[in-house]
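Please look over the sequence and structure first.

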Amino acid sequence: MVKAATDSAIDDSAIDIVILSNGPGEISTWVKPIVQALKAHPTGPRQRISVLLSPCPHASGNEHVTALSYPEVDRVQAAVHFFRFLLTGQTANGWDWYERGVVVFLGGDQLYPVLVGKRLGYPPVIYAEWEGRWQSWVHAYGAMQSRVVEKANPKYRDKFTIVGDLMADVSGSQDRTAIESRLGIGPEAELVGLMPGSKPLKLKMGVPLVSAIATYLHPIRPNLHFVIPVAPTLDIKALASYTDPVQNSFVRVFDGPRLELIIPSESGLLPYLQTDNGTRMYLWKPFPAFDLLSRCQLCITTAGANTAQLGALAVPMIVLLPARQIAQEFDYLDGLPSLVSKLPGIGPAARSLINGVVLRVLMRQGKYFSWPNIWAQRAIVPELLDHLSGESVGNRVLDYLEHPERLRQVSDQLRQLRGPSGAAEKMADLIMEAVS
């Protein structure tokens, strides 16, 4: 996809900037500020910015449309064509290339910019959030923070420049008024984000548990509002199906409430899940939901990529890992352990053995499951393990909301884990230096 006809004539003053990226989050929070900074760069030759997308399990399928909507981007190739390009060097639309250029990594596998750089003859520049790989083959790294440099081979540390956090400015850019208007809340309202996961395994547990938490909290704090940012790969009707006790046995395990999916007929109103006691959990489809999450006082989330996203936004969180219930009820899940536990004769013994192993692994002391705690190697955000219920988790939420200074402390600690702002401009400097 190209916005306008490309002049294939030799232009000694022009350069190709080839950006490799993959998921919707990277397109919104890494690619967008970088291309803006590149076009605003005060020096350098004429640029042609191309975006090559690689496959991503969290992709919505519309990343190429989003990237092409940025006025700074000249052309985009969808992820479906990526491996053909790696193998043959041919893009789907037969792109030409200038003699000079640079390959910029902004999401995916760090091996890709090395391979693409070799094919095109361009130096690779990598934005390294937590680690810089393939150091002998990469021209330069923009590191999020000093720890990235410290982990590098001393022989190649001169390739690393600390540029800061590309997401540092995201949490301060949200249109709070628009978000509050969509949710029907005022600026003083308390908002809790519920993040039950995006894959079936997590949704089976996460949806009933967060629903039970919201149902417990609503009568105690009736002015508290709840919102579920829906993953781009998940249909809201599919999400609602996890509240059905017939289809999902974990509804019984977590004493999940009876829920009804309400889709308002009036345009502009958000759909929501509603319980018998009037608790509403609004379903937010725009993705990525960084602006929404930044408006939340607190988020309740399953372990996984959600915790990295919230940590980057410095949003306080409570991380759910119902270890004992996972171990006791794993036969409701999919996979080999479930099949083995049901074999005639050896099934009960196998179940008992697997239960014990799962429980020991999940509850091993000193092991962290959320990314902020893994990064810090200490407990910055609470990880609630063992036997969880709407009441036990709900009381932890109430304790935080009644002591907002604790929320501020967690937010400050999360912010310290990341790098400073202004990363896009510093990355633009590195990219332009690579072709100077």
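## Basis

The model is predicted, so local features need pLDDT of at least 70 and side-chain atom pairs count only at pLDDT 80 or more, while totals for chains, interfaces and linings use all residues. Residues are numbered from 1 along each chain as its sequence is written, and side-chain values use heavy atoms, with hydrogens and water left out.

## The chain as a whole

The chain contains 18 helices and 15 strands; these are DSSP runs numbered from the N terminus, helices being H or I of at least four residues and strands E of at least two. Of its 436 residues, 53% are buried (under 20% relative accessible area; exposed is over 50%, partly exposed in between; 1.4 Å probe, protein chains only).

Among contacts (heavy atoms within 4.5 Å) with a separation of 6 or more, 67% join residues 24 or more positions apart.

## Nonpolar cores

A nonpolar core is a set of buried Ala, Val, Leu, Ile, Met, Phe, Trp, Tyr and Cys residues joined through side-chain atoms within 4.5 Å. The largest one has 109 residues, and Ile17, Leu106 and Ile431 are among those with the most contacts inside it. Leaving aside neighbours within four places in sequence, Ile431 is in contact with Ile17, Ile34, Leu38, Val102, Val104 and Val125. Another core, of 12 residues, lies apart from it and includes Leu20 and Trp95.

## Glu99

Glu99 sits in the loop between helix 3 (82-88) and strand 4 (101-105). Glu99 counts as exposed because its relative accessibility is 72%. Its C-alpha atom is 8.4 Å from that of Gly121, 22 residues apart along the chain.
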